[in-house]
Amino acid sequence: MRKKYKILMIVIISIAVILGGLLIYQKFFYKEPVETPVNTVTVTNTIDEYGYTLEDRDTALFEEKFHELETLLNQEEFDQEEYVSLVSQLFIIDFYTIDNKISRYDIGGLEYVYTDAVASLKSVAQNSIYKTVENNLDNTRTQDLPEVASITVDSISDYEYIMPDESTVSGYRVALSWTYTENLGYDTEGVLVLIPDGNKVGVVYFNP
């Protein structure tokens, strides 16, 4: 009987020691897990028929041009050159505003690019202008990156673009220039070629 009593006491004491250790750990050593902030992007507006989107991270300049485009496309008939001008500006603003991008794989302006040219432009951008962009998934990046502050369309003209199969497509050549909130040495002018892409136009050629 005394043997069973001793065993029971040992068990009780062991449990008390374990519980005491857990309480001490909880009070003096345990730290509540800290939730790492995650950089998320929310779409705030869309022009559904054309697949254009406005996001909560977009700059005031981009938002201004987006609303101009939205107003234009809501008209039954609209000026084609004005449409091409706004698409060109939105592409440049989004492509060269890198400060709001999450990583080097988050390329701006792709929804304004000709469908069959998206993969090529994305690959080139990842290995050039976006190559050194640091990851910002946790919202802690301190890297200096560009933001387009203003943009000007210098000229728009008709252009005959030769496709890879050597067929010719009528499109537009657009020359633009732009400035940044801070000069970090990025391009400030370039030429785009836009051609029909379904019910819209898309950037098929870009020469900064």
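Begin by selecting E166, which sits in the loop between strand 3 and strand 4 (168-180); helices (H or I, at least four residues) and strands (E, at least two) are DSSP runs numbered from the N terminus. The model is predicted, so that local features need pLDDT of at least 70 and side-chain atom pairs count only at pLDDT 80 or more, while totals for chains, interfaces and linings use all residues. Residues are numbered from 1 along each chain as its sequence is written, and side-chain values use heavy atoms, with hydrogens and water left out.

The phi of E166 is near 75°, a positive value in a residue other than glycine, and E166 is exposed, with a relative accessible area of 69%. Here buried means under 20% relative accessible area, exposed over 50%, and partly exposed in between (1.4 Å probe, protein chains only). Most residues other than glycine have a negative phi.

Select next N139, in the loop between helix 4 and strand 3 (148-162), which has a positive phi of about 60° although it is not a glycine; at 43% relative accessibility, N139 counts as partly exposed.

Keep F95 selected and display its contacts (heavy atoms within 4.5 Å): not counting residues up to four places away in sequence, F95 touches I107, G108, G109, L121, A125, I129, Y130 and F206.

The next stop is the largest pocket, with a volume of about 300 Å³. Of the 16 residues that line it, F95, L121, V124, F206 and P208 are the closest to its centre. A pocket is an open set of points on a 1 Å grid over the protein atoms alone where a 1.4 Å probe fits, with protein on both sides within 12 Å along at least five of seven lines, and lining residues have an atom within 4 Å of a point. Strand 6 gives the most to this lining, with four residues, and the lining divides into 13 nonpolar, two polar and one charged.

Finish at the second largest pocket, which holds about 160 Å³ of space; of its 14 lining residues, E55, R57, D94, G109 and E111 are the closest to its centre. Its lining has three nonpolar, four polar and seven charged residues, where Ala, Val, Leu, Ile, Met, Phe, Trp, Tyr, Cys and Pro count as nonpolar, Asp, Glu, Lys and Arg as charged, and the others, Gly among them, as polar.

Terms used
Points joined across faces, edges and corners; volume = space filled by probe spheres on them.
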